[in-house]
Amino acid sequence: MRNWVVVGALGASLLLAGCQAVNTTSGGAVGVERKQYMFSMLSTDQVNQMYAQSYQQTLGEATNQGVLDKTSANARRVQAIADRLIAQAPQFRPDSAQWQWEVNLIKSDELNANCGPGGKIIFYSGLIDKLQLTDDEIAAVMGHEIAHALREHGREAMSKAYGIQMARSGAGALLGLGEDSLQLADTVVQYSLTLPNSRSNENEADLIGLELAARAGYNPNAAITLWNKMAKASGGSSQPEFMSTHPASDSRISSLQAAIPKVMPLYEQAKK
């Protein structure tokens, strides 16, 4: 058992040795202040460029399949809402004003949406149609996704993956562990380094997304109705894709409810 403690500690030390502590965003009215550890050899620009290539490939495939929607009423809604949210992103991260933002709607029954590194947004029509989302609820989803990009949660996860790989190699060399043991070492490091932050990341995206929507003039209470709709959709035979990457927690709605009074003045000001 002592070996696995050593492996976990080794993974953490190797990760920290190659990482630097950064503040990707300002705290805002919601007070997101957690320092993040990013692998120093994996820059923001590198991650943004890698994702931009993947994003263009996705758009190309959608175009070939005739499902890239540029003209429908929903496509115009998504673009208009995105424009208002993107205009508020520099409140948290000034350099995001120079990002090459893109917004696209794909015709699909999939209940999903995402904003990748560098501001590459994709919405799927099924999320809007099946859940009958209002503009305020679309803004709640999109604000949450934009917050993941502003906080560079993708780069943070990649940095942790480097730490896990370094722990594998370092633990095997120092402890003489076999392949089966290294699989267990993976589990130890993954659970000690990844899971707590993934919960934290979701909470950060909820809070920053809430403030972004409020600053853009969208009712922050829509975040509550959105997650109630998501919970209801999850009760069916198949779980929405969005929920598999954004798992609901019992405390999510209560955390949002507690934060709404902090951003309501911003919403009221924006409405004026």
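**Ala-205 counts as buried, at 0% relative accessibility.** Here, buried means under 20% relative accessible area, exposed means over 50%, and partly exposed is in between, with a 1.4 Å probe and protein chains only. This is a predicted model, in which local features need pLDDT of at least 70, side-chain atom pairs count only at pLDDT 80 or more, and totals for chains, interfaces and linings use all residues. Residues are numbered from 1 along each chain as its sequence is written, and side-chain values use heavy atoms, with hydrogens and water left out. Ala-205 belongs to helix 8; helices (H or I, at least four residues) and strands (E, at least two) are DSSP runs, numbered from the N terminus. Look for Ala-149 too: C-alpha to C-alpha, it lies 9.0 Å from Ala-205 in space, although 56 residues separate the two in sequence.

**Helix 8 also gives the most residues, five, to the lining of the largest cavity.** A search of the whole structure turns up one cavity of 30 Å³ or more, and the volume of the largest cavity is about 90 Å³. Of its 14 lining residues, Ala-140, Asp-206, Gly-209, Leu-210 and Ala-223 are the closest to the centre. Two or more lining residues come from each of helix 5 (135-150), helix 8 (195-215) and helix 9 (222-233). By class, the lining has ten nonpolar, three polar and one charged residues. For the grid-minded: on a 1 Å grid over the protein atoms alone, a cavity is a set of points where a 1.4 Å probe fits but cannot get out, a pocket is an open set with protein on both sides within 12 Å along at least five of seven lines, and lining residues have an atom within 4 Å of a point. Points are joined across faces, edges and corners, and a volume is the space filled by probe spheres set on them. As for the classes, Ala, Val, Leu, Ile, Met, Phe, Trp, Tyr, Cys and Pro are nonpolar, Asp, Glu, Lys and Arg are charged, and the others, Gly among them, are polar.

**The second largest pocket holds about 180 Å³ of space.** Residues that line this pocket include Thr-44, Asp-45, Asn-48, Trp-99, Gly-118 and Lys-120. Helix 2 gives the most to the lining, with five residues. The class count here is two nonpolar, six polar and three charged residues.

**Two aromatic pairs are found in the structure.** Rings of Phe, Tyr and Trp (its six-membered ring) pair if their centres lie within 6.5 Å; planes under 30 degrees apart are stacked, over 60 edge-to-face, and the rest tilted. Tyr-51 and Tyr-55 make a tilted pair, because their ring centres are 6.4 Å apart and their planes are at 35°. Both sit in helix 2 (residues 44-64), four residues apart, about one turn of the helix. Tyr-51 is partly exposed at 22% relative accessibility, whereas Tyr-55 is buried at 1%. Trp-99 and Trp-101 form a tilted pair as well, with 5.3 Å from centre to centre and 40° between the planes. Trp-99 is buried at a relative accessible area of 12%, and Trp-101 is buried at 17%.

**Arg-252 lies over the face of Trp-227, at 3.9 Å from the ring centre.** The test for a charge over a ring is that NZ of Lys or CZ of Arg is within 6 Å of the ring centre and within 35 degrees of the ring normal.

**Four strands build an open sheet of mixed pairing, in the order 3-4-6-5.** Two strands pair if DSSP finds at least two bridges between them. Strand 4 (residues 102-106) runs parallel to strand 6 (residues 120-124), joined over five bridges, and Val-103 is opposite Ile-121 of strand 6.

**Strand 6 is largely enclosed by the rest of the structure, because five of its five residues are buried.** Lys-120, Ile-122 and Tyr-124 cover one face and Ile-121 and Phe-123 the other, all of them buried. Strand 5 and strand 6 run antiparallel, with four bridges between them; Gly-116 has Lys-120 as its bridge partner in strand 6. These two strands form a hairpin with three residues between them, and Gly-118 in the turn has a positive phi of about 85°.
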